[in-house]
Every structure is written in structure tokens, then in C-alpha cells.
Amino acid sequence: MTKLYIVVPCYNEEEVLPITSKRLAEKLTELTERGVISPESRVLMVDDGSRDATWRLITELHERDARFCGAKLSRNRGHQNALLAGLMTAKTRCDCAVSMDADLQDDVDAVDEMLARFEEGCDVVYGVRSARETDTAFKRSTAQWFYKLINAMGGELVYDHADYRLLSRRALEALSEYGEANLFLRGIVPMMGYKSAKVEYRRGERAAGESKYPLKKMLAFAWEGITSLTARPITLMMWLGAAMAALAALVCVVLAVLDELEAAGAIICALAFFSGVNLFGTGLVGQYVGKTYMESKHRPRYFIEEIVE
């Protein structure tokens, strides 16, 4: 039977953990009784440097139910690093791992179909949202823009997929080969190229607590994704700069022909515009230089302070 690990990154989730743990325990029991997964299957909760009682709740869960285990990071390292820490901890302990958020917005019942696709030979199974009724119109439109932009820039994102997915042990081993510090798992996993499938599910409301991804963090995450996956924005800036230079030359020629070259206002506006483009391009290149600098240091992405299992 399949030994499954469900990996759940947690950051200040004391309000929702009692609800999440109850639902996940029920799912493990159901799958075990049906003979789908091994009794040795586990839920691995990763505390990403929480400031509340999250770690205490995880250790208490473990004491009550051995199927729950936990890994405590030494400090807050962000969702992607916490998720990676959990997956790498589970890598040698399971046949496959399912990653999901602690808020129960991801439908736990979709795990059944993910396991079915795994048994059919898929190394990666993506949980894909069937609808976005719970999102605001702004969030729906920006999400669509984000996926289209990343793919246009050369990424391979699966539309309406976040970090709810199943990875086989072979896929986990492949994921461990990616050593970049600027981590964007949604873009990295499709790069592996293993046989994959999609499972649709309805995303619900958060069970309790507050979202850990306000607009500011979502925008930062989107920017991280774009600049981590591809260097195409630099190429686009190069062509934009060439186009702006050509346009500036054309404007100068037209003004000279019309004997309006002394139109200081028009020239000042043009200079201001082109200066802005130049500064933006310089800043964009600087972002990539900064990321290259951070990658060159080869700093550890996380440290696990304690494990209960």
C-alpha cells in the first residue's frame, strides 16, 4: 500500500489547526480503512517560525495521535521554503507526498483522486481550481493576468493551480536537485517533465483565522515568480529601449521638418519619459543582479530546529 505524507506549512495558524487536524485525521482514517494508503501514512506540519501557539498545538497533536508529526523551522523563512522543508523531510519517508495549506480551502477529498492518478503512474498530480466564486472580481482578474504573464514570459505554470499537488518520491528526489535560493515551486515542478495529471476541486472559504497573503504579499510573490523563472523581462526592456530610441529620433526629425525643434516643452516631456524608461530598465536589471548575488552565496534556505515524529 502507498505510504502517504500530507505536508502542511503553518504560520500563525493556532485558530485553524484544531479544525484542520480533525479533518485530516478523518481523511487518513478513511483512506486507511479502504486500503488505499498504508497505516504508516502521516500528516507532517511545518511550523514556519510562528509567533503564536502553532508549535505547541502541533506537539500536542503528535502526543495524542502518532499519525501527526511536525518540523519546526528555526525562524520564519516564508511559505515556499517552509513547504520545501516539509517535502524534503518527507522525501525519504514516503512513497508520495501531498502538499496543501492549513486553512482547509483546498478540498481534502481531492486527495482520493490524486492517489488514483498516482497509482496509474503519474509522478505529479496538480490540484486545479474548478471555479473562483469565493474570490473578488479584482483577485480573479489579477490571477488570470498573472498566469498569462508568467507563461508569456517563458514559464510553464498550470492555470488555476497553487501549491496543492501530489509528488511521487521520484519527483521529490528531482525537486531536491533544484538549488536556487529564489524559490517558486509552481514554476519549478512543471520543469521536471514527469508524467502528470490534473484533478479539479472547488476551493472553499478559509476555515478560521486570517489570510497570510494580503495584496502586498501577493504582488511580491508574483514578482518573485516572474524574476525567478525567466530572464525574458530583461530582453523585453532591451527591445523597449531600442523602440524608444527610434521613436525619439523620429520625433526629432519631425520637429525639425516642421521647424518646431525649439519646442522645449515637447522635448522636456520626451526626455522625462525616456528617463523613466531608462530608470525602470536599470532597476529591472538590478533586480536580476541582486538575485544572482544572493544565489552565488549558496546560503541554506532553512534550518529545522526540531522534529517530532
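**Ground rules.** I call a residue buried under 20% relative accessible area, exposed over 50%, and partly exposed in between (1.4 Å probe, protein chains only). Helices (H or I, at least four residues) and strands (E, at least two) are DSSP runs, numbered from the N terminus. The model is predicted, so I noted its limits: local features need pLDDT of at least 70, side-chain atom pairs count only at pLDDT 80 or more, and totals for chains, interfaces and linings use all residues. Residues are numbered from 1 along each chain as its sequence is written, and side-chain values use heavy atoms, with hydrogens and water left out.

**Entry 1: the whole chain.** I counted secondary structure first. The chain has ten helices and eight strands. Of its 309 residues, 46% count as buried. I then looked up the accessible surface (Shrake-Rupley method, 1.4 Å probe; for residues, only the protein chains shown count as cover). The surface comes to about 15600 Å², and 58% of that belongs to carbon and sulfur atoms. Next came contacts, meaning heavy atoms within 4.5 Å. Among contacts with a separation of 6 or more, 83% are between residues 24 or more positions apart.

**Entry 2: the sheet.** I count two strands as paired if DSSP finds at least two bridges between them. In what order do the eight strands of the open sheet lie? I read the order as E7-E5-E6-E4-E1-E2-E3-E8, with mixed pairing. E7 (196-201) and E8 (304-308) stand at the edges with a single partner strand each, so one side of each has no neighbour in the sheet. For angles I use axes, which are lines fitted to C-alpha atoms (for helices, over the stretch in contact), and angles run from 0 to 180 degrees between N-to-C directions. Neighbouring strands are turned by 20° against each other on average, direction ignored.

**Entry 3: strand E1.** E1 covers residues 4-10, and seven of its seven residues are buried. I checked which way they point. Leu-4, Ile-6, Val-8 and Cys-10 point one way, and Tyr-5, Val-7 and Pro-9 point the other way. Both sets are buried. On one pairing, E1 meets E4 (residues 96-99) in the parallel sense over four bridges. Val-7 has Ser-99 of E4 as its bridge partner. E1 also runs parallel to E2 (residues 42-47), joined by six bridges. There, Ile-6 stands opposite Val-43. From E1 the chain passes through helix H1 (residues 17-33) to E2, in a right-handed β-α-β crossover. Right-handed means that, with the strands pointing away from the viewer, the path from the first strand over the helix to the second runs clockwise.

**Entry 4: strand E3.** E2 and E3 (residues 68-73) run parallel and share five bridges. Val-43 has Phe-68 of E3 as its bridge partner. H1 packs on the sheet here, touching E1, E2 and E3, and its direction makes about 155° with that of E2. Six of the six residues of E3 are buried, so the strand is largely enclosed by the rest of the structure. Phe-68, Gly-70 and Lys-72 point one way, while Cys-69, Ala-71 and Leu-73 point the other. I noted that Lys-72 is among the buried residues. A further bridge pairs Met-45 with Gly-70. The crossover from E2 through H2 to E3 is right-handed. E3 and E8 run antiparallel over four bridges, and Ala-71 has Ile-307 of E8 as its bridge partner.

**Entry 5: helix H2.** H2 (residues 54-64) lies across E1, E2, E3 and E8, at about 150° to E3. Its buried residues are Thr-54, Trp-55, Leu-57, Ile-58, Thr-59, Leu-61 and His-62. Their cover includes E1, H1, E2, E3 and E8. I recalled the spacing rule: an α-helix has 3.6 residues a turn, so residues three or four places apart point the same way.

**Entry 6: helix H3.** I checked the length of H3 (residues 79-90). Twelve of its twelve residues are buried, including His-79, Gln-80 and Asn-81.

**Entry 7: Leu-172.** Leu-172 sits in helix H6 (residues 169-175). Is Leu-172 buried or exposed? At 0% relative accessibility, Leu-172 counts as buried. Leaving aside neighbours within four places in sequence, its contacts are Leu-87, Met-88, Lys-91, Cys-94, Ala-97 and Leu-167.
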